[in-house]
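Please look over the sequence and the model below before reading on. The text goes from the whole chain down to single residues.

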Amino acid sequence: MKIAMLARNPDLYSHRRLVEAAEACGHSMDVLNTLRCTVHIASHRPTVSYNGEKVNGYDVVIPRIGASITNYGLAILRQFEMAGVWSLNESVAIGRSRDKLRSMQILAKHGLGLPLTAFAHDPKQTEEIIRAVNGPPVVIKLLEGTQGIGVVLAETMSSAKSVIEAFRGANVNILVQEFIKEAGGTDIRALVIGGKVVAAMQRTGAPDEFRSNLHRGGSAKLIKITPEERSTAVRAAKRMGLNVCGVDMLRSNHGPVIMEVNSSPGLEGIEQATGKDIAGMIIKFIEDHAQQGKTKTKGKG
Ligand SMILES: Nc1ncnc2c1ncn2[C@@H]1O[C@H](COP(=O)(O)OP(=O)(O)OP(=O)(O)O)[C@@H](O)[C@H]1O
Ligand SMILES: [Mg+2]
Ligand SMILES: [Mg+2]
């Protein structure tokens, strides 16, 4: 198969591993810098150009779109989908997963466990939403944050109010969440491929850090998850419509709660913690499922 990977940095561990795994199975893979792709909108002939030349003949596209270029990247991906190229994760599903509030609304509707979450526009309601999530303490987070940046723990009413005011003043969208203290600065990442959890790890934050992100100095280790955690991860992936994703959960007193579903999960931490060939499994999934023109949503938005 001829595979295109939309990614900005071909040297990232995850991207190198995917290229390696594809080539080991006899496929060819080109890494296309998402920002150098251009879209040509003309009736009935959706095309993409790369560095000025028309992109042709790909069977599969693997989107690895960075959070900072979500909109542009999804426009490029939609164009591939409209041209009939099969995408590992579809643009519509990635779009859902990038907006935390939208994701939580979808997951809640289907009965998945989530931390109590609220948001409001009117500053007069700040106190009300803090109480609505049983706070303080509360966790305040940017709707489109990543790597734990823009995730703040506010322990008192006055600090929660001032953090919320500061974010509002900066004109960014936030949500306010119940603080799952019993998780103890630890979360679970379950990697789902094609409706199955293929690997799971536990991430623990640096000392004195409630955020467990590896980018924030956390460490990862292999973990055996419970059947309830497994089914939560599988259902979350299904409801988001993602073939491949990382489902992040906290162990709360009332069972697993989902924090987010990542549509471009990093492979380094999970391959190292579990010793599994995740890149190879992703390529295998592509071999078994990719079909020209079989993109479900066809970039419908
Ligand atoms: N409600 C909460 N209660 C307790 N801890 C939390 C809560 N929300 C987030 N955390 C901690 O903060 C970390 C970062 O939060 P979250 O995953 O929502 O942010 P992010 O910036 O999107 O990170 P990522 O890089 O994983 O996309 C989590 O991994 C978790 O350890
Ligand atoms: Mg995130
Ligand atoms: Mg996270």
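**From the whole chain to single residues**

The secondary structure of this protein consists of nine helices and 16 strands. The model is a predicted one. Along the principal axes, the C-alpha atoms of the protein fill a box of roughly 55 × 45 × 35 Å. The overall packing can be checked against a simple rule. A compact globule of 301 residues would have a radius of gyration near 19 Å, and the protein has 20 Å, which agrees. Of the 301 residues, 41% count as buried. Contacts along the chain can also be sorted by distance in sequence. Among contacts between residues at least 6 apart in sequence, 66% join residues at least 24 apart.

Domain 1 takes in residues 2–90 + 285–289, domain 2 takes in 96–113 + 182–275, and domain 3 takes in 117–179. The centres of domain 1 and domain 3, taken over C-alpha atoms, are separated by 36 Å. In an unreviewed entry, UniProt places the feature "domain: ATP-grasp" at residues 104–287. Over residues 104–287 the chain is 31% helix and 29% strand. The end C-alpha atoms of that stretch are 31 Å apart.

Glu260 has 23 other C-beta atoms within 10 Å, so Glu260 is buried. Asn262 has 19 C-beta neighbours inside 10 Å and therefore counts as partly exposed. Their contacts can be listed too, leaving aside neighbours within four places in sequence. On that basis Glu260 is in contact with Lys100, Ser103 and Asp248. Asn262, on that basis, is in contact with Ser97, Cys245, Gly246 and Asp248.

A residue in a helix can be read in the same way. Glu228 has its place in helix α7, which covers residues 227–240. With 12 other C-beta atoms within 10 Å, Glu228 is exposed. Not counting residues up to four places away in sequence, Glu228 touches Gly255 and Pro256. Ile188 is 40 residues from Glu228 along the chain, and the C-alpha atoms of the two are separated by 13 Å.

The last step concerns the backbone. Most residues other than glycine have a negative phi, and most peptide bonds are trans. Which peptide bond ending at Pro136 is cis? The bond from Gly135 to Pro136 is cis, with omega near -5°. The bond from Pro136 to Pro137 is cis as well, with omega near -5°. Pro136 is found in the loop between α5 (126–132) and β9, and Pro137 lies in that loop too.

Two residues can be picked out by phi. Asn51 is not a glycine, yet it has a positive phi of about 50°. Asn51 lies in the loop between β4 (47–50) and β5 (53–54), and with 10 other C-beta atoms within 10 Å, Asn51 is exposed. Asp208, also a residue other than glycine, has a positive phi near 65°. Asp208 is found in the loop between β13 (196–204) and β14 (219–222). With 6 C-beta neighbours inside 10 Å, Asp208 counts as exposed.

Methods: Residues are numbered from 1 along each chain as its sequence is written. Chains are lettered from A and ligands numbered from 1 in the order in which they are written. This is a predicted model: local features need pLDDT of at least 70, side-chain atom pairs count only at pLDDT 80 or more; totals for chains, interfaces and linings use all residues. Domain bounds come from an automatic or database domain assignment. UniProt positions are given in the numbering used here, feature names are shortened, and annotations may be inferred rather than shown by experiment. The radius of gyration is taken over C-alpha atoms; the globule rule is 2.2 Å times the number of residues to the power 0.38. A residue is buried if 20 or more other C-beta atoms lie within 10 Å of its own, exposed if 12 or fewer, and partly exposed in between; C-beta atoms are placed from the backbone. Two residues are in contact if their C-beta atoms, placed from the backbone, lie within 7 Å.
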